[in-house]
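Please read this briefing alongside the sequence and the 3D view. It begins with a question and then goes through the structure by topic.

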Amino acid sequence: MVRKGRIVAAATNEAIVLMGEAMRRWLPEDRHVCPECIGGYLSVGEVTPPTGFNFDEMRNRAVPREE
């Protein structure tokens with residue numbers, strides 16, 4: 001779901017991606033986003049994984065970046 005400019009896992013509040021200002025205007029706070037749709041949102045280029053994370057498409061979540 002959308003919380004504070006992020007798409008997060010509703011159950012854990014874990015940040016999946018951070019949203020840019022333009023995306024925040026059309027994807028409102030508390031909106032539920034289906035996991036299958038997240039890849040489409042990421043392709044917009046208006047979202048970024050949290051600092052130190054990459055988006056793992058297989059697990060459909062942000063994971064710590066391997067150094």
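How many salt bridges does a search of the whole structure find? The search finds 1 salt bridge, a term for a side-chain nitrogen of Lys or Arg within 4 Å of a carboxyl oxygen of Asp or Glu. This is a predicted model, in which local features need pLDDT of at least 70 and side-chain atom pairs count only at pLDDT 80 or more, while totals for chains, interfaces and linings use all residues. Residues are numbered from 1 along each chain as its sequence is written, and side-chain values use heavy atoms, leaving out hydrogens and water.

**Confidence**

- The protein chain has an average pLDDT of 78, where pLDDT is the predictor's confidence in each residue, from 0 to 100.
- A score of at least 70 is reached by 78% of the residues.
- Where pLDDT is low, the predicted coordinates should not be read in detail.

**Overall layout**

- The chain contains 2 helices and 6 strands; these are DSSP runs numbered from the N terminus, with helices being H or I of at least four residues and strands E of at least two.
- Along the sequence their order is β-β-β-α-α-β-β-β.
- Of the 67 residues in the chain, 31% are buried; buried means under 20% relative accessible area, exposed over 50%, and partly exposed in between, with a 1.4 Å probe and protein chains only.
- The chain exposes about 4600 Å², and carbon and sulfur atoms supply 51% of that area; the areas come from the Shrake-Rupley method with a 1.4 Å probe, and for residues only the protein chains shown count as cover.
- Among contacts between residues at least 6 apart in sequence, 45% join residues at least 24 apart, a contact being heavy atoms within 4.5 Å.

**The nonpolar core**

- The largest nonpolar core is made of 9 residues: Val2, Ile7, Ile16, Val17, Met19, Met23, Leu27, Val33 and Phe55.
- Strand β3 (residues 15–19) gives the most to this core, contributing 3 residues.
- A nonpolar core here is a set of buried Ala, Val, Leu, Ile, Met, Phe, Trp, Tyr and Cys residues joined through side-chain atoms within 4.5 Å.
- In soluble globular proteins, nonpolar side chains tend to be buried together.
- β3 is mostly covered, with 4 of its 5 residues buried.

- β2 and β3 run antiparallel and are joined by 3 bridges; two strands pair if DSSP finds at least two bridges between them.
- Valine 8 has alanine 15 in β3 as its bridge partner.
- The two strands form a hairpin with 6 residues between them, and asparagine 13 in the turn has a positive phi of about 65°.
- Alanine 11 is also in the loop between β2 (6–8) and β3, where alanine 11 is exposed at 80% relative accessibility.
- Alanine 11 and methionine 1 are 10 residues apart along the chain, and their C-alpha atoms are separated by 9.4 Å.

- The salt bridge joins arginine 24 to glutamate 21, with their closest N and O atoms 3.5 Å apart.
- Side chains of opposite charge can pair when their charged atoms come close.
- The two residues are separated by about one helical turn, because they are 3 residues apart in helix α1 (residues 21–26).
- Arginine 24 is partly exposed at 38% relative accessible area, whereas glutamate 21 is exposed at 52%.
- Arginine 25 is in helix α1 too and is exposed, with a relative accessible area of 67%.
- The C-alpha atoms of arginine 25 and glycine 5 are separated by 9.8 Å, although the residues are 20 apart along the chain.

**Other loop residues**

- Lysine 4 lies in the loop between β1 and β2 and counts as exposed at 69% relative accessibility.
- Lysine 4 is a residue other than glycine with a positive phi, near 50°.
- Proline 28, in the loop between α1 and α2 (35–42), is partly exposed at 42%.
- From C-alpha to C-alpha, proline 28 and lysine 4 are 9.6 Å apart in space, with 24 residues as their separation in sequence.
- Aspartate 30 is in the loop between α1 and α2, where aspartate 30 is partly exposed at 48% relative accessibility.
- Aspartate 30 is not a glycine, yet has a positive phi of about 70°.
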